[in-house]
Amino acid sequence: VAIPVEVEANWPFQMAVPTVGQVLRATRLLILTVGVLPIVFVWFAITASIWPIEIAWRVALLDLAAALLVMEVSLLGWNAIPLASPHEPATETLKSRWMGYLAFLLLFAKGGASLELEAVQSPAVTIVCVSAAVTIVAALRLWRRRQGHRRAPTFESTSGPIQSLNLSEAS
């Protein structure tokens, strides 16, 4: 896979503009095949070698469900083709949302670990947790679809030239 060095190299995407839905499907597939599934498979192999196989299966299912949920939340509001448009550091977004990002990370890391520890003890609780995660993912996708996933993805910077991420109030 070639990475365009210059933004003008995105011309193939501009000739046949995909919909945001198509871009999201391709992005999800890439995230799953390169990021999520290899980690889940390797972790399953490790846990299956040291824990009972039923526990290893439950952990793998819970990890997959959590990864799908995080992936879907991460892609909310996203409509750019990866590597086909310039990266714009969103200073105002980071300044105003960093506390929310930190809270989500802490809640997911600590709360998710505690929930997984409880869920892995019972097949019924595992099924409830996986079902809840899949339901939330489906609801997020439906909400996104209703928001208009047939829009064209963005290619160009909307705020002028790319600048460095400057979080200082002094500038």
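A residue is called buried when its relative accessible area is under 20%, exposed when over 50%, and partly exposed in between (1.4 Å probe, protein chains only). The model shown is predicted, so local features need pLDDT of at least 70 and side-chain atom pairs count only at pLDDT 80 or more, while totals for chains, interfaces and linings use all residues. Residues are numbered from 1 along each chain as its sequence is written, and side-chain values use heavy atoms, with hydrogens and water left out.

View 1. The protein chain has five helices and zero strands; helices (H or I, at least four residues) and strands (E, at least two) are DSSP runs, numbered from the N terminus. Of the 171 residues in the protein chain, 22% are buried. A contact means heavy atoms within 4.5 Å. Among contacts in the chain between residues at least 6 apart in sequence, 87% join residues at least 24 apart.

**View 2. Helix 3 and its buried residues.** The 22 residues of helix 3 should span 32 Å at 1.5 Å a residue, and the 31 Å between its end C-alpha atoms agrees with this. The expected span is 1.5 Å times one less than the number of residues. Buried residues in helix 3 are A56, R58, V59, A60, L62, A65, M71 and E72.

View 3. A67 lies in helix 3 and counts as partly exposed because its relative accessibility is 22%. Its C-alpha atom is 6.6 Å from that of V36, although A67 and V36 are 31 residues apart in sequence. L68 is also found in helix 3, and its relative accessible area of 23% makes L68 partly exposed. Leaving aside neighbours within four places in sequence, L68 is in contact with L32 and V137.

**View 4. The largest nonpolar core.** A nonpolar core is a set of buried Ala, Val, Leu, Ile, Met, Phe, Trp, Tyr and Cys residues joined through side-chain atoms within 4.5 Å. The largest one has six residues: L62, A65, A119, C129, V130 and A133. Helix 3 (53-74) and helix 5 (123-146) are the elements that give two or more residues to this core. Helix 5 gives the most, with three residues. C129 touches L62, L115 and A119, not counting residues up to four places away in sequence. Another core, of five residues, lies apart from it, and includes V40, F44, A56 and A60.

**View 5. The second largest pocket.** On a 1 Å grid over the protein atoms alone, a pocket is an open set of points where a 1.4 Å probe fits, with protein on both sides within 12 Å along at least five of seven lines; lining residues have an atom within 4 Å of a point. The second largest pocket holds about 440 Å³ of space. Its lining has 19 residues, of which L62, A66, F108, G112 and L115 lie nearest its centre. Helix 4 supplies the largest share of the lining, eight residues.

**View 6. A45 in helix 2.** A45 is placed in helix 2 (residues 20-50). With a relative accessible area of 46%, A45 is partly exposed. A45 and A56 are eleven residues apart along the chain, and their C-alpha atoms are separated by 8.2 Å.

Conventions: Points joined across faces, edges and corners; volume = space filled by probe spheres on them.
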